[in-house]
Every structure is written in C-alpha cells, then in structure tokens.
Amino acid sequence: MLGLKDSSKYKEHMQSFKDQMTAVGDYRRNMNQKILKLENLLRFHTICRQLHSLYQRRMLAQWRHVFSSAYLVWTAQLYPQPWQTHALIRTALSQHRLLVTKKEKKSQKSQLSSTKSKKEVEVWIGMTVEELARAMEKDIDCVYESLLNTAVDIDSLEAHSHLDEVWIKEVIKKSGMKLKWSKLKQDKVRENKDAVKRPQADPALLIPRSPVVTIMGHVDHGKTTLLDKLRKTQVAAMEAGGITQHIGAFLVSLPSGEKITFLDTPGHAAFSAMRARGAQVTDIIILVVAADDGVMKQTVESIQHAKDAQVPIVLAINKCDKAEADPEKVKKELLAYDVVCEDYGGDVQAVHVSALTGDNMMALAEATIALAEMLELKADPTGPVEGTVIESFTDKGRGPVTTAIIQRGTLRKGSILVAGKSWAKVRLMFDENDKVINEACPSMPVGIIGWRDFPSAGDEILEVESEPRAREVVHWRKYEQEQEKNKEDLELIEEKRKEHQEAHRKAREKYGTLHWKARSFIKYKIKKQQQPLKPKEKAGGDSNVLPIIIKGDVDGSVEAILNIMDTYDASHECELELVHSGVGDISENDVNLAETFHGVIYGFNVNAGNVIQQSAAKKGVKIKLHKIIYRLIEDLQEELSSRLPCIVEEHTIGEASILATFSITEGKKKVPVAGCRVQKGQLEKQKKFKLIRNGHVIWKGSLISLKHHKDDISVIKTGMDCGLSLDEEKIEFKVGDDIVCYEEKEVLAKTSWDPGF
C-alpha cells in the first residue's frame, strides 16, 4: 500500500516538474524571440550607420586631392575594411528586400481593396462640364485635363458647355471611377398659374353693346378729318403734319342716341402692325378711299387686315366734293380685291362723303349702325373684366397709362388687372376727353392708370381676384418666357457646338499629314492674321456701323419704327445696330448708352430737357427729335449716308480730236506730240486728261506741255488748234483719237436702303 502511494506521489511530482519545465521553455522561447527582434533592430541600426559612413567615405574620396595624407590615414582607420563593408551591404540589402516585399504585399492588398470599392459616378446624357465635375467631386480643371489630346476643342469649352456621351465616358475612365447612367434629371413640373378667359356666357345674360368701328385707309385720304366731323372736334389740326401717329379710341354719341366706339388707326405704311391690331378688336371697318386718288398700297393692306380678322366693311368714298372725283372708278378698282359694292351686286355699303364739308356724315353713321344691328352685337357686363390694350404710353405724374377697349365685364376703380407680364390696381380711369369716370362697360374705350410695369399694345387684359394672384400670374408668364428662351439658347448652343466640332475635325484632317513644324507654322500665321486691330485701325473700322437708340412716346410708335428698321437691307454699306429702344422722354441713361456705343439718339414725339441736351453736347452725342415719321426716316437715311465713303465723279471740261501726230527732239529724246483741235469746252493744262481710242480709255494722267503754235499756254478754248505731249512717252498717238480734259470731284454717297415710301 505504501508502495502504491509512493508511486502516485512520484508521478504527481514528475508531472508538476514537466509543467514547470514546459513553462520555462515557453518563457525562454519568448525571450529568445524578443532578443532576436532586438538583435535584428540593433543590427539594422548598425547597418544603417555603416552605410551612412560608407557614403561619407565615398564623397570624401572624390575630394581626396583636397585633403592631406594624414587625414586620409585617419579616415581609413575610422571606417571598416572593404570586406566588412561588402558584408554589411549584403546584410542591409537582404533586410531592405524583406521590408520591400512586405510593403509590396500590403500595396497589392490595398490596390485589390480599392478596385473592389471604385467610386461610382452617376451621369446623364447632355450634362455640362460643371455638372460632371460636381458629380465626380472634382474640380472643373480635372475634366479639362481628362479631355486633353482628344478631338474636343478645350479652348471652346465653358463650364456650362454640354458634353457628348463619348466624352463623359472618357473623363470617367481617365479619372479611375465607375460609370452609372441615370435618366435626365428634370425639375419638378410647376403648376400652371396663368390666368385665362372665362367660358362663353349664357346667352340670357348678354345685352346689346355699341359697335367698335375702325377707320382704315391710305395716308392723306381723310380718315382723321372724317372722324373729326363725326365727333365735332379738331383732331386733325393737332396732328403733326396732318398725319395720325397713334391709335386713337373715341366714343361718339350720335343725335339718334346711338353710340359708336371709333378706332382711328394710322394709314401710313410704317404703322401696318398698329392697323393689324386695330382690326383684331373691331366689329366693323370703315374703309376710306379718296375719290380723286383711288386704291393705293395701304388701302389694299387694310382690306387684307379686314379679311384676316373676318370683319365686315363699310366703304366711305371721300373727297367727292372735288372736281376730279370719280367714285365709280374707286368701286371698279375695289372689285379686283373682292370688295363688291351693293351697286355691283355685292354686300358692301358704299357712301359718298366729303369729310371736309361734312356731306353725308350722318348717312355713313346710319349705315354703320344698320350693319351693327344686323350683326346683333352683344356682351356680358357681369363678372371679371376682359379687354385689349389698344395703346400704352408714359405720362408724367401718372406713370404707365393704357388706352383699352373693354370687351366683357364692367371695369371699376380698384379692380386688379393683368396684361402680358404686367399688372395693375386701377387707381384712375378717364375717357377720350380726359374726364374721370367711375366705370367702363363693354365696347367702351377707357384710359387706365395704376400699372406696375409697362404693358405692350395688343396685350389681353384679364381681371383677377387679388394682388397676390396678379403677381402669381405675372411670375408664371415670366417663367414661361424664360423657359422658352432657355430652350432656344440650348438649341443655339448645340448648333454652335456641332459647328465647332465639325470645324475642328476638318482642321485635324487638314493638318493630319503635315509635320509638326509645318503644322505649327501654319497655325502661327492664322493666329497672326486674327490678331486684334490696333486702336487706330479699330476706330477706322467701326466707321461703317451706326448704333442708334430709339425713344417714342407710345409703344405702338416704337414698334412701327422698329418694323421700318427690319426692312434695312444695306448692311454691306453701313451696318445699322439697334442698341436700345423704349417709351418715354430721353434720359441721362440714354445719353450714357449712346456715348458708350458712339451712337445717335432718335426721339419720336418725346422731349429732351435742357440738362439732357447739355450733357449730350459735352459727351458728343447727337439727339435728333422728330414729330413726323417721314422726317425721322429721312434723317436716319442721311446719317447712314454720312457714314459711307465719298464717291469720286469725273466732270468733263473739254474735248479735242487728234488731227496729226509728229515728234520733236528735246535733248537726246524724241517726244511724241499730238496736233489737236478743241471740239467742246476748253483744255486746261493743270487739269487731268485721258486718251480715248475706239471708245476705250487707254491712258489717264497729266500733260507735259500744251502749246498754241510756238507759245506755251495754260488754256485752249473751243475751235483753237494746239499741240500737246503726255507724261508717258510709251503712249503712241493715232489720228482720230480723242483727248478729254476733266476734273475729279468728291460727292457724298447715298445709302441704297429704300424704306418703301
């Protein structure tokens, strides 16, 4: 029993001893590993120090001719032997390779991880350079650098330039990113906030209304005088030059109690657009034709406006009091334009009138009222107002003012109106006599004050419920206009981009086969030709450009002048450039603008104060004011002509025929001489001459000598004989040639532009 116990205790002691020895072994191994690492670090540190010393030794060896031999011995003792150095280098290189290998493994792992986590960029077709850079979270220059050495013209790229699909892919690829296509990002569709007309009213709510009558016809056929007789005022006497310059809207009350709203439209060719607007708001057209003049150009245009607007016509044959009047001729001429009078089986009423004497004025008014009754004109006087702006202008102290025709509803003070991109809260209303009124019914012309902005003639007027609603409508219309403009700009940019790409492609094809030196030389020559002009050359080059600023009293007048400018077709002679146009008197801003562009200010029925004129005189700006459109256009033609170079014209002074030829000896030279007889005028030696043979000029120049018999003279008159020699010896005279004496005069050129009147 003791033996067994002793043996078990022995085993336990042995097991504990083994465990202790195992622990000591583990501890020793750990210590050995730590000591090995420490030794490696110390060895590596020693190797680095020795390598550094070796580098210093080699550098010192290059300069050994500088140092003494004692110094070299000392340095040799300081550094280890060559065999030791080589061993150290091998050890250091092995350690370096070990470290590099570890780094390469780490870098490969990092590269693998980076390829797995490539940045994904969401792109779409048609995105701009700026949008692409923002999507990549890079600078715009990064996009430009990626497109270097490609077919893209980097110089023409801007931040807002649109990129093709292929170039978007190229940029993403070169940037080391991943491509992800998405649908074109679209802005949230805005709700339509525009104001629209109401649906048609219930026929039971309609009441009869006065007819709106437009008087049309050719200039100076008596339209305004005719209207003057109807309303017994002196409108024609107040018109500048007897020509109506605006659309006038007047309410005329007849003795019978009937009322007619008349629109007096200008008959001049320049106001075609204004006449067209008049036809669009009218119920009946009175076509005025002079009995002594017949159908003219503006008469035909007025007929066409009436047909386009589907408005019936009443023919007023004016000036029947004249001896040369022929009304039947007028009726026959109108047949060619499908205007058939009742006398010829048609439905057009023809009234023979005399606006000057007032004959048959009531008959014309009765014919108009009868036609209006047949048309059964009615309107709804209730609900929100609808109308049309006939004319708009600026009045001092009142601001923007409009003349409008009310077509539906009843306009009252305080109403909120919207017209085009402008709105108003009606502060004041007045009639054609400038009398304040409180309300305006359908067919009634009315002046409206209270507009926030300047409405355009022809804009539709709609009443809304509140000022916020009016602002909302105006903002929506401006937004729509901006979107339309952006769309047009985008199409234009795309077109220009394609043109640039095509030009770049052709240029690359052109230079593709050339050596780089030849290509660079050609580009240098092209760039040199495109260098900007010097200031003196610029000043001379801009002389054939006429910048102008147009200011008018009303919107329609400015529109008419701009329509005339649209017919300008002489840009090859002098370019006509419209810098600015607007309504109202000439201001300091207009003068500053004209000074900047070296332009001319034209004012139509507007004023320029003394301060403005003095400022313009100091700045060298021309201000030209006119009240008749004829004069303004003539002035513009003269200004254009003054920008053209003068024309040199030849004026003949005398003519002579060559009767004989001979030569004389002067020194060692033989000079050919022509014996002539003056047939017309006189020959003056100081003037210029030309030699004509068989109708062709074969020489031009001056005379060396002019003699009568043996005397030198300066003038030979008609019928006298003379001998003359030219300043060019090679010219040979022939009997029958003609000698013409002439002088050159500079004549001012005239522009070839014909505005049509």
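Me: A crossing of two helices is right-handed if the near helix is turned clockwise from the far one by less than a right angle, and left-handed if it is turned anticlockwise. In this predicted model, is the crossing of helix 17 past helix 18 left-handed or right-handed?
Reply: Let's find the two helices to start with: helix 17 covers residues 588-597 and helix 18 covers residues 610-619. Where helix 17 passes helix 18, the crossing is right-handed.

Me: Are helix 17 and helix 18 roughly parallel or roughly antiparallel to each other?
Reply: Two packed helices are described by the angle between their axes and the distance between the axes. For helix 17 and helix 18 the axes are 10 Å apart and the angle is about 10°. Angles under 35 degrees count as roughly parallel. Helix 17 and helix 18 are therefore roughly parallel.

Me: How many charged residues are there in the contact of helix 17 with helix 18?
Reply: Helix 17 brings Glu588, Val591, Asn592 and Glu595 to the contact, while helix 18 brings Ile612, Ser615, Ala616 and Lys619. Sorted by class, three of these residues are nonpolar and two are polar, and the number of charged ones is three.

Me: How far apart are the end C-alpha atoms of residues 476-510?
Reply: In an unreviewed entry, UniProt lists this span as a "coiled-coil region". In the model the span is 100% helix and 0% strand. Its end C-alpha atoms lie apart by 51 Å.

Me: Which strands are the edge strands of the open sheet of eight strands?
Reply: The order of this open sheet is 27-26-32-23-24-31-28-29, and its pairing is antiparallel. An edge strand here pairs on one side only, and that holds for strand 27 (696-701) and strand 29 (711-712).

Key:
Residues are numbered from 1 along each chain as its sequence is written. This is a predicted model: local features need pLDDT of at least 70, side-chain atom pairs count only at pLDDT 80 or more; totals for chains, interfaces and linings use all residues. Side-chain values use heavy atoms; hydrogens and water are left out. Two strands pair if DSSP finds at least two bridges between them. Helices (H or I, at least four residues) and strands (E, at least two) are DSSP runs, numbered from the N terminus. Axes are lines fitted to C-alpha atoms, for helices over the stretch in contact, and angles run from 0 to 180 degrees between N-to-C directions. Angles under 35 degrees count as roughly parallel, over 145 as roughly antiparallel, 65 to 115 as roughly perpendicular and the rest as oblique. Contact means heavy atoms within 4.5 Å. Ala, Val, Leu, Ile, Met, Phe, Trp, Tyr, Cys and Pro count as nonpolar, Asp, Glu, Lys and Arg as charged, and the others, Gly among them, as polar. UniProt positions are given in the numbering used here, feature names are shortened, and annotations may be inferred rather than shown by experiment.
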